[in-house]
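Here is my note for you, point by point. Please keep the structure open beside it as you read.

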Amino acid sequence: MWQRKKLEYYWRLQKIRFIDFKMKNLNLILHIGSGKTGTTALQSFLRLNQELLHQEGIHYMETPIWGDNSHHLLGFALWGTEHLGLPNIPEVQADELLNKMAVELSNLPENIHSVIISTELLFEIAGNPKIKPLKDFIQANFTDTKIIAY
């Protein structure tokens, strides 16, 4: 069932962005496995098989894709590239990235019922206040969330 909804994204308490779009009930599979456990192979498999996944009603997010088929841009946006020891990578603004992700969700085909996001960079951020923009995004866009930490 589609419904009109205004989504609010808060970042550093001074920016508020609104996106108005039709939203449907979506499930999120958030893969935050630790590094060196085959996550790159899994992410490459998911990216290479997007058409087959779509036929089954599953979408592997495009917007925060990093060069290795992961969603590391999301981790960069939340943690900051300097904190991660990556000073040569430009900073990514979380509010802008989450807004782009929301637009992507709004344009999904009607048969999509589940979305996958996968990045090892979220493995260590659990419980950290920097996760709040992602938590708000998830609450606004998904009816059910499964977190896989493998």
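**Notes on the model**

1. Start with G35. G35 is partly exposed, at a relative accessible area of 41%. On this scale, buried means under 20% relative accessible area, exposed means over 50%, and partly exposed lies in between (1.4 Å probe, protein chains only). G35 sits in the loop between β3 (27-31) and α1 (39-48). Its C-alpha atom is separated by 8.4 Å from that of L121, although the two residues are 86 apart along the chain.

2. A word on the source. This is a predicted model: local features need pLDDT of at least 70, side-chain atom pairs count only at pLDDT 80 or more, and totals for chains, interfaces and linings use all residues. Residues are numbered from 1 along each chain as its sequence is written, and side-chain values use heavy atoms, with hydrogens and water left out. Helices (H or I, at least four residues) and strands (E, at least two) are DSSP runs, numbered from the N terminus.

3. Now the sheet. In what order do the four strands stand? The order is β4-β5-β3-β6, in an open sheet with parallel pairing. Two strands pair if DSSP finds at least two bridges between them. β4 (58-60) and β6 stand at the edges with a single partner strand each, so one side of each has no neighbour in the sheet. From one strand to the next, the twist averages 20°.

4. Look at β3 next. Five bridges join β3 to β5 (residues 114-118), and the two run parallel. There, I29 has I116 as its bridge partner. β3 also pairs with β6 (residues 144-148), in the parallel sense, over five bridges. On that side, L28 stands opposite T145, and N27 has D144 as its bridge partner. α1 packs on the sheet and touches β3, β4 and β5. The direction of α1 makes about 120° with that of β4. Angles run from 0 to 180 degrees between N-to-C directions; axes are lines fitted to C-alpha atoms, for helices over the stretch in contact.

5. Then the helix pair. The axes of α3 (residues 72-79) and α4 (residues 94-106) come within 9 Å and cross at roughly 145°. Which residues make the contact? From α3 they are L73, L74, A77 and L78; from α4, A94, L97, L98 and M101. Contact means heavy atoms within 4.5 Å. The contact residues divide into eight nonpolar, no polar and no charged. Here Ala, Val, Leu, Ile, Met, Phe, Trp, Tyr, Cys and Pro count as nonpolar, Asp, Glu, Lys and Arg as charged, and the others, Gly among them, as polar.

6. Last, the rings. The structure holds two aromatic pairs. Rings of Phe, Tyr and Trp (its six-membered ring) pair if their centres lie within 6.5 Å; planes under 30 degrees apart count as stacked, over 60 as edge-to-face and the rest as tilted. W66 and F76 are edge-to-face, with 4.9 Å centre to centre and 90° between the planes. W66 lies in the loop between β4 and α3 and F76 in helix α3, so the pair ties together parts 10 residues apart in sequence. W66 is partly exposed at 31% relative accessible area, whereas F76 is buried at 3%.
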